[in-house]
Amino acid sequence: MGKTSDLTAVQKTIIDTLHKEGKTQKVIAKEAGCSQSSVSKHINRQAKGRKKCGRKKCTSSRDNRTLQRIVTTNPFKNVGEIHKEWTAAGVSASRTTTRRLMKDMGFRCRIPCVKPLLNMKQRKKRLAWTKDKKDWTDAEWSKVMFSDESKFCISFGNQGPRVWRKSGEAQNPRCMRSSVKFPPSVMVWGAMSSAGVGPLCFLRSRVNAAVYQEVLEHFMLPAADQLYGDADFTFQQDLAPAHSAKTTSTWFKDHGIPVLDWPANSPDLNPIENLWGIVKRRMQYARPNNAEELKTTIRATWALITPEQCHRLIESMPRRITAVIEAKGAPTKY
């Protein structure tokens with residue numbers, strides 16, 4: 001005669017039926033064709049509502065709620081810190097149990113998204129700007145040359161602290177870390193339009209108005225010739241001090257180049273930010289040993305950007321604008 005786990009569905013049905021009729025376990029065992037102990041275990045298991053045995057959990061529902069509250073309150077703590085705070089609350093559990101329970105709750109350790117630090121005045125300006133541009137067509141956006149600087153490091157591994165969050169919480173404010181503008185260091189300047197990318201400029205010094213105008217003269221103008229030829233275009237830049245300087249504004253007027261008005265701290269509206277992200281992801285396995293090798297890698301990766309990729313990014317402008325309007329000027333996922 002088999003064990004309880006070996007009972008067939010027919011045997012289990014017979015046991016349940018005869019048990020409800022009030023038959024003894026000895027009679028039930030004879031009718032079902034199994035041992036009396038198997039009948040007893042099956043009946044007891046059904047009475048307790050348990051389908052299988054297992055080790056008793058070392059934490060209670062209250063303990064688990066405490067753990068979830070600790071993680072939710074400060075999601076930037078690592079497992080060791082969370083485990084220490086949890087056990088300090090009187091819970092007896094191992095670090096492995098802590099990690100397993102966090103995983104069962106849906107928490108995953110991820111690199112936090114970065115959002116720009118916006119005050120209410122900047123949000124209102126972003127909202128007004130997007131409402132003014134919401135009716136622009138793809139043809140109008142294709143006439144805009146987007147530009148930006150980006151910092152490239154030899155190592156891409158240092159991405160800061162990680163955050164515990166659940167699926168769908170990437171844009172939750174408590175799971176994001178704020179970023180602020182920092183003084184330019186070794187940066188790369190680039191430009192793009194729906195027709196493709198322009199030449200890169202590696203900035204060797206702190207970018208002031210004079211240095212920026214040299215970049216415009218020797219890199220932006222050739223990019224415009226390459227991407228637009230004799231056609232008219234509008235230049236986009238952010239509100240960095242060197243960009244908004246009076247002498248820079250005079251430079252644009254002298255060259256007859258219109259500049260797109262741009263809201264402060266709005267990288268989510270600039271498609272070239274996504275282009276920088278594409279380049280950096282492609283370079284994540286590169287291991288340049290010095291600055292010159294890094295520049296070579298950047299140039300080679302930048303050269304692989306296709307006009308089709310740029311066109312798709314430019315086509316995303318209406319969606320970006322809609323997202324900012326729906327967020328009432330707050331930072332968006334772009």
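Welcome! Helices α4 and α6 are roughly perpendicular to each other, a label used for angles of 65 to 115 degrees. This is a predicted model, in which local features need pLDDT of at least 70 and side-chain atom pairs count only at pLDDT 80 or more, while totals for chains, interfaces and linings use all residues. Residues are numbered from 1 along each chain as its sequence is written, and side-chain values use heavy atoms, leaving out hydrogens and water.

**Helix α4 against helix α6**
- Helix α4 spans residues 61–73, and its axis lies 11 Å from that of α6 at an angle of about 80°; helices here are DSSP runs (H or I, at least four residues), and axes are lines fitted to C-alpha atoms, with angles from 0 to 180 degrees between N-to-C directions.
- N64, L67 and V71 of α4 touch T98, L101 and M102 of α6, where contact means heavy atoms within 4.5 Å.
- By class, this α4–α6 contact has four nonpolar, two polar and no charged residues; Asp, Glu, Lys and Arg count as charged, Ala, Val, Leu, Ile, Met, Phe, Trp, Tyr, Cys and Pro as nonpolar, and the others, Gly among them, as polar.

**Helix α5 against helix α6**
- The axes of α5 (residues 79–88) and α6 (residues 95–104) come within 10 Å and cross at roughly 105°, which means that α5 is roughly perpendicular to α6.
- On the α5 side, V79, G80, I82, H83 and W86 meet R95, T98, R99, L101 and M102 of α6.
- This α5–α6 contact has five nonpolar, three polar and two charged residues.

**The second largest pocket**
- A pocket is an open set of points on a 1 Å grid where a 1.4 Å probe fits, with protein on both sides within 12 Å along at least five of seven lines; lining residues have an atom within 4 Å of a point.
- The second largest pocket holds about 240 Å³ of space.
- Helix α6 gives the largest share of its lining, four residues.
- The lining residues include R55, K56, N64, L101 and D104.
- By class, the lining has two nonpolar, three polar and five charged residues.

**An annotated span**
- An unreviewed UniProt entry annotates residues 65–132 as "domain: Transposase Tc1-like"; such annotations may be inferred rather than shown by experiment.
- Residues 65–132 are 62% helix and 9% strand, with end C-alpha atoms 47 Å apart; strands are DSSP runs of E, at least two residues.

Methods
Angles under 35 degrees count as roughly parallel, over 145 as roughly antiparallel, 65 to 115 as roughly perpendicular and the rest as oblique. Grid points are joined across faces, edges and corners, and a volume is the space filled by probe spheres set on the points.
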